[in-house]
Amino acid sequence: MIVDCHGHFTTAPQALWDWRKDQVGNKKPDSRGPKISDDEIRHSLEPNQLKLQKERGSDVTFFSPRAGSMEHHVGDAGISLAWSQVCNDLIHRACRLYPRNFAPVCQRCNLNPDPSGGYWKEPPLTDKWWYPVYEKLVELDVPAMVHVSSSCNPAVHFTGAHYINADTTAFMQLITADLFKDFPTLKFVIPHGGGAVPYHWGRYRGLAQDLKRPPLKEHLLKNVFFDTCVYHQPGIDLLLKVIPAENILFASEMVGAVRGIDPETGHYYDDTKRYIENNKSLGLKEKEKIFESNARRVYSRWKPA
Ligand SMILES: [Zn+2]
């Protein structure tokens, strides 16, 4: 079985985005949420995520609301709560329509380390400010994907810079503190291949050493996992070489940030399954962990339909 642990409902029906526009604009949105039929949900998934699953040969996608639209920097907690509920309800409905293809992930399981949207005004993820979220995650035994939303800082492009910066920044925050001593069973998935972390693994090992922190493997790798949303073969080869196979979860984030075809290969950039299959350094046993059994371990509450 091929489990894609990172997908968003980027193609949700227009009524969802119209509802949000009303919510953050001057109009009062319908308190019952946007009016969307089951057929509209089907039409938004079948020519997109479902078609690509079939073509590429993945079986199930862990499916959450569109990350760039979480927008914790817009409005107050009440606005975010209502928006999360509307988005989560839609995810629930999509997953009920296609229970074999999608497993639901709620908006709050995308843990946004920068709710200010590109200005980094909140404390680091290791600060006690975040602990109520972690207490809930541990109680429910669900992992969090460390995932920012859109950037309202014009100097920081959202999917090209903000996402990758945040993945890297979160990992460095974890090095400098003892979060997993307080929460030994807390699990984080750092998406987009862990940002710059695998590429600069020597830097982070060296920094940990200089800062008198434990070696990364014992300090973080019982709790931190990386996905495979890296969109070229050399990048995946590096990830698979540097990070232990036990800590890597297959993901593509389709239909997401990069939607085109790579003229150098003739294949979609985000068809990440091919890169893992074509990788020469890992054997079938390790690849099976990446494709399936690691996801079962990390997302321990998930049972295939
Ligand atoms: Zn994402």
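Start with the open sheet of 5 strands, ordered E4-E5-E6-E7-E8 with parallel pairing. Strands (E, at least two residues) and helices (H or I, at least four) are DSSP runs, numbered from the N terminus. Two strands pair if DSSP finds at least two bridges between them. Select strand E4 (110–111) and strand E8 (248–249): they stand at the edges with a single partner strand each, so one side of each has no neighbour in the sheet.

This is a predicted model: local features need pLDDT of at least 70, side-chain atom pairs count only at pLDDT 80 or more, and totals for chains, interfaces and linings use all residues. Residues are numbered from 1 along each chain as its sequence is written.

Next, select strand E7 (residues 224–227). E7 runs parallel to E8, joined by 2 bridges. Phe226 has Ile248 in E8 as its bridge partner.

Now move to the open sheet of 3 strands, E1-E2-E3, also with parallel pairing. Pick strand E2 (residues 60–64): 3 bridges pair E2 with E3 in the parallel sense. Phe62 stands opposite Ala103 in E3.

Finish at Cys5. Which residues does Cys5 touch? Among them are Phe62, Val189, Leu249 and Tyr299, leaving out residues up to four places away in sequence. Contact means C-beta atoms, placed from the backbone, within 7 Å.

Note on methods: Two residues are in contact if their C-beta atoms, placed from the backbone, lie within 7 Å.
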